[in-house]
Amino acid sequence: MGRVSIIKCSNHEANLLTKEYLSNALLSLMDEKNFEDITITDIVKKANVSRVAFYNNYKNKFHLLKDIVLELSTYLLEEIGRPFEKNVDCHWYESFFERIKNISDIIQTLYKANLQSDYIQIVNEYILSKADNVNDTIAYNRLVWNGGIQNVIWFWLKRNMKESIKDIAAFSFNFLHKGKSYC
């Protein structure tokens, strides 16, 4: 019995590594050419994995891209909390933008590949799926927040993060939470 669990754990770890190699390969290729021009063959060669390994994990390259964006969203929100589930303040936004800065190269790769609208759509699906009993008002509030924050991120990164994390956090908090307290 113990031997079987070791094998399952080993297979699980191997699968996680395969996904990481494929993600890194796609992001690297997106630095070299347009997303539309990247083939599954390009990805598996760059990742040094088989096509079978690719198709065991993903339906197509867009599904791989979606997985990358969901991993980024999880990284951004899971540890500091979601902005919809608690009272956020400037410190929340400072943590958020610190994380954005840490993964800015990946986000800029997505933007450079003209995948900003795909990125926003995937994040929209993510934030709407993470709540129970989302009524129309809640859904619209979340979508407006996401559209606003994504555009702030895009513009901040486009300007090479000219504003400090503290300044961009204060701007975002004050704008997105009008009528509440100010930083």
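## Burial and overall fold

Of the 183 residues in the chain, 41% count as buried, where buried means under 20% relative accessible area, exposed over 50% and partly exposed in between, with a 1.4 Å probe and protein chains only. The model is predicted: local features need pLDDT of at least 70, side-chain atom pairs count only at pLDDT 80 or more, and totals for chains, interfaces and linings use all residues. Residues are numbered from 1 along each chain as its sequence is written, and side-chain values use heavy atoms, with hydrogens and water left out.

The secondary structure consists of nine helices and zero strands, in the order α-α-α-α-α-α-α-α-α along the sequence. Helices (H or I, at least four residues) and strands (E, at least two) are DSSP runs, numbered from the N terminus. Among contacts with a separation of 6 or more, 60% join residues 24 or more positions apart; contact means heavy atoms within 4.5 Å.

## The cavity

One cavity of 30 Å³ or more is present, and the largest cavity holds about 70 Å³ of space. A cavity is a set of points, on a 1 Å grid over the protein atoms alone, where a 1.4 Å probe fits but cannot get out; lining residues have an atom within 4 Å of a point. Grid points are joined across faces, edges and corners, and a volume is the space filled by probe spheres set on the points.

The lining of the largest cavity is made up of Ser73, Leu76, Leu77, Phe96, Tyr119, Val123, Ile127, Trp145, Asn146 and Gln150. Helix 4 (61-77), helix 7 (116-129) and helix 8 (136-158) are the elements that give two or more residues to this lining. By class, the lining residues are seven nonpolar, three polar and no charged. Here Ala, Val, Leu, Ile, Met, Phe, Trp, Tyr, Cys and Pro count as nonpolar, Asp, Glu, Lys and Arg as charged, and the others, Gly among them, as polar.

Asn146, one of the lining residues, belongs to helix 8. Asn146 counts as buried because its relative accessible area is 1%. Not counting residues up to four places away in sequence, Asn146 touches Ile120, Val123, Asn124 and Ile127.

## Aromatic pairs and charges over rings

The whole structure contains 12 aromatic pairs. Rings of Phe, Tyr and Trp (its six-membered ring) pair if their centres lie within 6.5 Å; planes under 30 degrees apart count as stacked, over 60 as edge-to-face and the rest as tilted. Trp92 and Trp145 form an edge-to-face pair, 6.3 Å centre to centre with 65° between the planes. This pair links distant parts of the chain, since Trp92 is in helix 5 (residues 90-102) and Trp145 is in helix 8, 53 residues apart. Both Trp92 and Trp145 are buried.

Phe96 and Phe97 also form an edge-to-face pair, at 5.3 Å centre to centre and 90° between the planes. Phe96 counts as buried at 3% relative accessibility, and Phe97 is buried at 0%. Ring pairs join Trp92, Tyr93, Phe96, Phe97, Trp145, Trp156 and Phe173 into a cluster.

Lys61 lies over the face of Phe35, 4.8 Å from the ring centre. The charged end of Arg99 sits over the ring of Tyr75, 4.5 Å from its centre. A charge sits over a ring if NZ of Lys or CZ of Arg is within 6 Å of the ring centre and within 35 degrees of the ring normal.

Ala47 lies in helix 2 and is buried, with a relative accessible area of 9%. Leaving aside neighbours within four places in sequence, Ala47 is in contact with Tyr21, Leu22 and Ala25. The C-alpha atoms of Ala47 and Ser23 are 8.3 Å apart, for a separation of 24 residues in sequence.

Asn48 is in the loop between helix 2 (40-47) and helix 3 (51-57). Its phi is near 60°, a positive value in a residue other than glycine. Asn48 counts as exposed because its relative accessible area is 71%. Met161, in the loop between helix 8 and helix 9 (165-176), has a positive phi of about 55° although it is not a glycine. Met161 is partly exposed, at 24% relative accessibility.

In helix 6 (residues 104-112), the buried residues include Ser104, Ile107, Thr109, Leu110 and Tyr111. Asn114 follows helix 6 and has a positive phi near 60°.

How values were computed: 1 Å grid on protein atoms, 1.4 Å probe; cavity = no way out; pocket = protein on both sides within 12 Å on 5 of 7 lines; lining within 4 Å.
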